[in-house]
Amino acid sequence: MSAAVTFIRKNVITITGLTILIILAAIGAASGIFSSQERLEQFLAQAGVLAPGIFLLIQIIQVIIPILPGGVTCLIGVVVFGPVWGFVYNYAGLVIGSIISFLLIRKYGRALILKLVSEKNYNKYIGWLEKGKKFQILFAAAIFLPGFPDDVLCMLAGLSGMSFGRFTLIMLLCRPISLIGYSVGFNAFTALF
């Protein structure tokens, strides 16, 4: 197989996958499940045995195409699936989505980021890349702690010199801590009421 055929296949697969994600995001947005926490919870409750797979797909999509804040979908995962399975589904979806996002930006660059996030948000964090090696430390800390715009930072990591292996390691090791914080914090909060 020639290099040209391999190149075309890879690009067709990437573009097809991104197109499918955009279509699914548009369908979800049109149906209102991304505009209301209650609608999303009801939608997942009605999905039955398909709910975990649908939720994983929603988590993956919302990382690549930031529709809802990640904290909101993480809480929905805990509400619908409980603290243990909610954590598992959140973790899997967010890590997979983050890796896909990193790879897409690594391939298509700044132009794709600006199609997925506002220029204001992009400009707010692009300066982190000027920190050189410190970017990796800041990035790991932001992934470790809840409340940072992880989706945007994962995209910026795709523009940085960070290796894919290091990015994946940070995702696998640091992402669980913030998710545990969301799960435990939400359960503690709901136990009060």
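R175 is buried, with a relative accessible area of 3%; buried means under 20% relative accessible area, exposed over 50%, and partly exposed in between (1.4 Å probe, protein chains only). The model is predicted: local features need pLDDT of at least 70, side-chain atom pairs count only at pLDDT 80 or more, and totals for chains, interfaces and linings use all residues. Residues are numbered from 1 along each chain as its sequence is written, and side-chain values use heavy atoms, with hydrogens and water left out.

**Overall fold**

- The protein chain has nine helices and zero strands; helices (H or I, at least four residues) and strands (E, at least two) are DSSP runs, numbered from the N terminus.
- Read from the N terminus, the order of elements is α-α-α-α-α-α-α-α-α.
- Of the 193 residues in the protein chain, 41% are buried.

**Salt bridge**

- One salt bridge is present in the structure, the term being a side-chain nitrogen of Lys or Arg within 4 Å of a carboxyl oxygen of Asp or Glu.
- This salt bridge joins the side chains of D150 and R175, at 2.7 Å from N to O.
- The two residues are 25 apart and link distant parts of the chain, with D150 in helix α8 (residues 150-159) and R175 in helix α9 (residues 164-191).
- D150 also counts as buried, at 12% relative accessibility.

**Aromatic pairs**

- The whole structure contains 10 aromatic pairs; rings of Phe, Tyr and Trp (its six-membered ring) pair if their centres lie within 6.5 Å, and planes under 30 degrees apart count as stacked, over 60 as edge-to-face and the rest as tilted.
- F135 and F139 are a stacked pair, because their ring centres are 5.8 Å apart and their planes stand at 25 degrees.
- Both belong to helix α7, and their spacing of four residues separates them by about one helical turn.
- F139 also stacks with F167, with ring centres 5.6 Å apart and planes at 25 degrees.
- F135 and F139 are buried; the relative accessible area of F139 is 0%.
- F167 is likewise buried, at 0% relative accessibility.
- One aromatic cluster is formed by F102, F135, F139, F164 and F167.

**Nonpolar surface patch**

- F144, L145, F148 and I177 make a nonpolar surface patch of about 330 Å².
- Patches are made of residues with over 30% relative accessible area and no salt bridge, like charges being joined within 9 Å and nonpolar side chains (Val, Leu, Ile, Met, Phe, Trp, Tyr) within 5 Å.
- F144 belongs to helix α7 (residues 134-144) and is partly exposed, with a relative accessible area of 36%.

**Polar contact at Q62**

- Q62 is part of helix α3 (residues 51-64) and is buried, at a relative accessible area of 2%.
- The side chains of Q62 and Q59 make a polar contact at 3.1 Å, the term being a pair of N or O atoms within 3.5 Å; within protein, one must be able to donate a hydrogen and the other to accept it, and residues adjacent in sequence count only if both atoms are side-chain atoms.

**Annotated segments**

- In an unreviewed UniProt entry, the annotation "transmembrane region" covers residues 12-34, 54-81, 87-105, 137-161 and 167-189.
- Residues 87-105 are 100% helix and 0% strand, with the end C-alpha atoms 26 Å apart.
- Residues 137-161 are 72% helix and 0% strand, with the end C-alpha atoms 13 Å apart.

Notes:
Areas by Shrake-Rupley, 256 points an atom, 1.4 Å probe, with all protein chains shown as cover. UniProt positions renumbered as here; feature names shortened; annotations may be inferred.
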